[in-house]
Amino acid sequence: MVDNILEVRNLTKYFKTKKGLLHAVDNISFTLERGKTLGIVGESGCGKSTIGRSILRLIEPTSGEIIFNGEDLMKLNTLQMRSMRTKMQIIFQDPYSSLNPRRTVSQTISEAIELNHLIHDKKDIEKRVSELMDMVGLADRFANSYPHELDGGRRQRIGIARALSVNPEFIVCDEPVSALDVSIQAQILNLLKELQSKLKLSYIFITHDMSAVNYFSDDITVMYLGKMVEKSPVEDLFLQPEHPYTKALLSAVPIPEYHKEKRKRIILRGEVKSPINLPDECRFSSRCQEFCDVCKGSEPQLKEIRKDHFVACHNVT
Amino acid sequence: MKQKKTKRRSTFSEIWRNYRKNFSGMLGLMIIVGILVTILVGNFIYDYDTDVIGQNISERKQAPSSEHLFGTDEFGRDILTRIIWGGRYSLAIGLAAVLFSSIIGVVLGSLAGYYGGVIETIIMRLADIFQAIPAIMLGICFVTAFGQSIFMLTIAVSIGAIPAVTRVTRASVMTVKDMEYVEAARAIGANNFVIIFRHVLLNAMSPVIVQATLRIGGAIVGIAALSFIGLGITAPTPEWGAMLSSARQYLRGYDYMALYPGLAIMVTVLGFNLIGDGVRDSMDPKLKK
Amino acid sequence: MYRYFLKRLFWLIPVMLGVSIFIFIIMDFFPGDAADTVLGEAASQEQLEEYREAHGLNDPVMVRYVRYMANLLKGDMGISYVTGRDVFKTYMQRLPNTLLLAFSGMTLAILFSIPIGIITALKRGTVLDGTLMIISLLGLSMPLFWLGLLLIIGFSLNLGWFPTGGSGDLKHLVLPAVTLAVAKMAMLARTTRSSMLEVLNEDYIRTARAKGVSKRKATLKHALRNALIPIITVIGIELGSSLGGSVLCETVFSWPGVGRLIMDSISKRDIPMVTGSLILTTMLVAFLLLVVDIIYAFVDPRIKAQYQRKK
Amino acid sequence: MDKHEFALDVSNLTVEYVTSDGIVHAVNDIDLKIPPQKSVGLVGETGAGKTSTALAIMNLIPSPPGVIRSGKIILNGYDVLHMKDSELNQVRGSEVAMIFQDPMTALNPVLNIGEQIEESILLHEDVTRDEAHEQACEMLEMVGIDRSRIYDYPHQLSGGMKQRVIIAIALCCNPHLLIADEPTTALDVTIQAQVLDLISNLRDEYRTAMLLITHDLGIVADMCDEVSVMYAGRIVEHGTVEEVFTNTKHPYTEGLFDSLPKINDRKSLLKPIIGLMPDPTELPEGCTFAPRCRYAMDKCFKRRPSLNAISDTHEVSCLAYEDPVFSIERNKHGR
């Protein structure tokens, strides 16, 4: 029996805009095994961040079920949801806008402990804060610093400590390293990995960086314009990508190795479709290198083509 | 690794640190402190009934001299004394008016910005209506309708500014509301109260404070203007605008009577404008290098 | 574009309704009423009451408002209590004077302030910048009515170049227009400067410079047009305030404009005149701001695109 | 050989920013040479001084607060730092052109893209307005945008298209040197591939030399012939791409490689560089990388290394190589 910490079924989020309905997330389903990491990759505007926020109901999903530890989060009221968020947390992309500039490091880290009445004694809270800071590799002397006095890497550590402060079992990492420099990225990725094994955390790892997701995740889903186009264990996806978009995405990643000949790349043409009022056809058809008549007919559904490997493409069977 | 010092520094002291480096801001602060001290000292050395409003026909309309530095008015009262005494009205009403309009505007603007929807529509339409009527007309009508008490004057001067404050606050709150740290606060279980006060309002206040400091000068001119057209503080109370108004009849030959009260207004307003510029420069991160 | 204009014009209706209700209510608080004004102090209590009853002055304020608005829609704004003349006609007689003053003041301000703003932005941190900015700060801090008095003392009484007040030929216009222009000039120069400074730091200025555009041309062609939006806003607001708020300038120079009309009517408790004038002035200002909005679209294609999408 | 040996020859360039918090030492005494038609990558992290170097080459360092303290920049024979403004304006855009990092803000929002391309042509070529317009249309097609869009405004284009318009502006006067400052950092991966592909095709066609500034070693591997690695305002290693990638010499370069997750080897562990880049207002006395370097010795904290040649084309700035047997780990275990 597999122990799933999270199961998302038919998650959908539409935003109402002046021009029409914006399909941010369209009918997404996946499961996350306890202690594992699910990577969600895709380019800007594909809805990956909306998924992360919808799971915590920071954004109210339009429809769908989010089953966390066997309980459907969509059925909880605001208060119940608030206490449920001690089990699930989120780490944000931008280490600048994700910290309140007027709160010190210790104020930011201790806020959740106080709000949720996890620890009552002031001394114990202090102790817990310094324990958390230690855990994420922040020296104690920064406790009274303000975020603007610190660099991006340290700020991201504060964000991680804030998320850990409520002892969560599950964390959504929303592009946690995209805004950081290469050498700092590696520091943070290693920290997150280390914390995962130490605290038995389950992650959803949202990113646009294929190498990072490969390093970090067990399973992976590829998103395009709010739809899941491919889903599989990481090794399988990188060895044998099936969806034309995944193939293009993988071939587009620059590889930092010397190669005599120019690498062959799939260069996509055309423009990304507008996510508003989408017609009933494959969303990738405007840029697809394997486009044919079937693609215009209807929207492809996810099919299992190998064990655990799902693809949504008319041309893949 | 070298230990990098991290001083504990609050945002307020950070702003003050920037402000101190601002030459014109410090100049403005010096002007205003100087004026405040003069008014305070004047309060003790001049007696209202004899020195300020007491008439002295024998010394009417004397040009500036060593005895009367700014000369005397048509009732023989020393103009310098009256200017010093009159400063309290300008400053008190000016500051009170800005405080009043800021409080009302911030409350309305925050409600509109944070909650949106119907509340926002109602508040912003009301702001449209009040902004459509020219501010000075609004003040004039208000004083005519409700009387010329100090309280009503304060409201008359501030009422025209409320829509602008509301707009600025709303825009700022809307920007801050979308910041990720507000979302993070929600994610760790903060309720609306905590979010509004701890995370949104404090961070949304900079533009409001900047705007408020820049508006003090305008409020002081506002009260002087009302007095000038006879709707503000009335004789014999010495108010700068009222003094200018009565000096109008004596422009020919006694122009010094119109000179000094206006100069007092200008210097005061200049002081506050300099402070306002300084505050803006030290609070606006865009101008920081 | 055209449809957007109509839509915005349509939007003005609720705002103007709100404005008129507000004005009507505040007029209700004015001390004294038509009976007092028309019959004078000699009238007895009975006569006053009789008059009030006959003219519906004892009706609730909302009833009177509806009656007023019904008349207004027929184009009838009532008759002045004091002069007995038609409110609308009286207002329209005064309006050209106010428009003349406001527009000449504004033109003067624009002619000087925008070049000053551009020069100070380009020469940021130099002595020239400092001097011009201090002068403009002085201009901004100077109360308009005091400046008016100083100009009268200097140019009318001492030099005798211009009349002290009243209207008539061009000479009468000079001092009030200059007075009005000075404060606006200060405001506009400062706005131009800060707006230019902001724009000059933009990436696209660097792009232009990188392709070999000279500094002068980058400023005048690339920066100014982008900086123009806040400048136009301020011009609009200032023009609006000088239409509605010219009371002070008109008082100092006895200029027979709308502001003086409203002030005189207020002091004489001529409520129909005040109500009508305020409503008309407000409409004028609102319409002006609408025109400013339309001008934006010509300057900034992004805004134009927004308008067009709303078709 | 061309009449000039190098498309770009920078020597001893030092750029500082004088701020109220102290002097920011952005670029410290660097040399940079680009042979005609070659492409050199300038790699480094945020704050390494890459953009300042690029702006100095254009002589467009914002001043104040920026000051070019010393150095010589010879751009295809032109001494950029000692030219009159009017002459400089002739060089910019025709001899050297630049592509900027953020396509969202690099185009003027109130001018249509046609006007912005034509402007450059009219400035540098003796053509009529109509001819310039026609050339602009051709350029637009060259970068893969339909000529019917010439009257579009920037806000009507996607990010990738905007960057292509910027490329069109840069290349329309056939410059000898193209400076591309993080040209794809703001773009999605698939769009990045499009834009890089376009740049390298056009560069081949126009035979333009290129200085490619980036933080992404992968892009360097695809696009460049030589690479300079920059750290805290200094160049710490320079060589051909092959040398630097397969025979890495500087510990910082090694750290950069070890910080990257490998797309085809997910099991390999990341070995991040410890610590942070030093504050550019107070650079350490010795080697600027010493505080973060795992090979650092006492002398590294005291003495500043200079860039020494290892082979004809490979240079490294590291004191450890005074010991002839020293080698860094990356090369010991193979790639």
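Buried area is the accessible area that two parts lose when they are put together, summed over both. Keep that in mind for the exercises below, and remember that you're looking at a predicted model.

**Exercise 1. Work out how much area is buried between chain D and chain A, and which residues take part.**

*Solution.* Start with the area: about 3800 Å² is buried between chain D and chain A. Carbon and sulfur atoms give 56% of that area. Next, go to the residues: 45 residues of chain D are in contact with 45 residues of chain A.

**Exercise 2. Find the salt bridges and polar contacts across the interface of chain D and chain A.**

*Solution.* Take the salt bridges to begin with: the rule finds two of them across this interface. Now zoom in on D:Asp222, which pairs up with A:Arg265. The cut-off is 4 Å between a side-chain nitrogen of Lys or Arg and a carboxyl oxygen of Asp or Glu. The closest N and O atoms of D:Asp222 and A:Arg265 are 2.7 Å apart, so the pair counts as a salt bridge. Then turn to polar contacts: 17 residue pairs are joined this way between chain D and chain A, both residues being at pLDDT 80 or more.

Which helices of chain D supply at least two residues each to the side that touches chain A? They are helix 6 (159-171), helix 7 (189-206), helix 8 (217-223), helix 9 (241-246) and helix 10 (251-259). Helix 7 gives the most, with nine residues. Sorted by class, that side of chain D has 20 nonpolar, 14 polar and 11 charged residues.

**Exercise 3. Decide whether A:Arg128 is buried or exposed, and list what it touches.**

*Solution.* First, find the residue: A:Arg128 sits in helix 4 (residues 122-135) of chain A. Its relative accessibility is 11%, and buried means under 20%, so A:Arg128 counts as buried. Now look around it. Leaving out residues up to four places away in sequence, A:Arg128 touches A:Ile113, A:Ile119, A:Leu164, A:Ser165 and A:Asn167. With A:Asn167 there's also a side-chain polar contact of 2.9 Å.

**Exercise 4. Check the radius of gyration of chain D against that of a compact globule.**

*Solution.* Chain D has 335 residues, so a compact globule would have a radius of gyration near 20 Å. Chain D has 21 Å, which agrees. For the rest of the picture, its C-alpha atoms fill a box of roughly 65 × 50 × 45 Å along the principal axes. Inside chain D you'll find 12 helices and 12 strands, and 59% of its residues are buried. Lastly, take the contacts in chain D between residues at least 6 apart in sequence: 64% of them join residues at least 24 apart.

Conventions
Residues numbered from 1 in each chain as written. Chains lettered and ligands numbered in written order. Predicted model: local features only at pLDDT ≥ 70, side-chain atom pairs only at ≥ 80, totals over all residues. Heavy atoms only, no water. Contact = heavy atoms within 4.5 Å. Buried area = accessible area lost by both parts, 1.4 Å probe. Polar contact = N/O pair within 3.5 Å; in protein donor to acceptor, adjacent residues only side chain to side chain. Helix = DSSP H or I, 4+ residues; strand = E, 2+ residues; numbered from the N terminus. Nonpolar A, V, L, I, M, F, W, Y, C, P; charged D, E, K, R; others polar. Buried < 20%, exposed > 50% of the residue type's maximum accessible area, 1.4 Å probe, protein only. Rg over C-alpha atoms; globule rule 2.2 N^0.38 Å.
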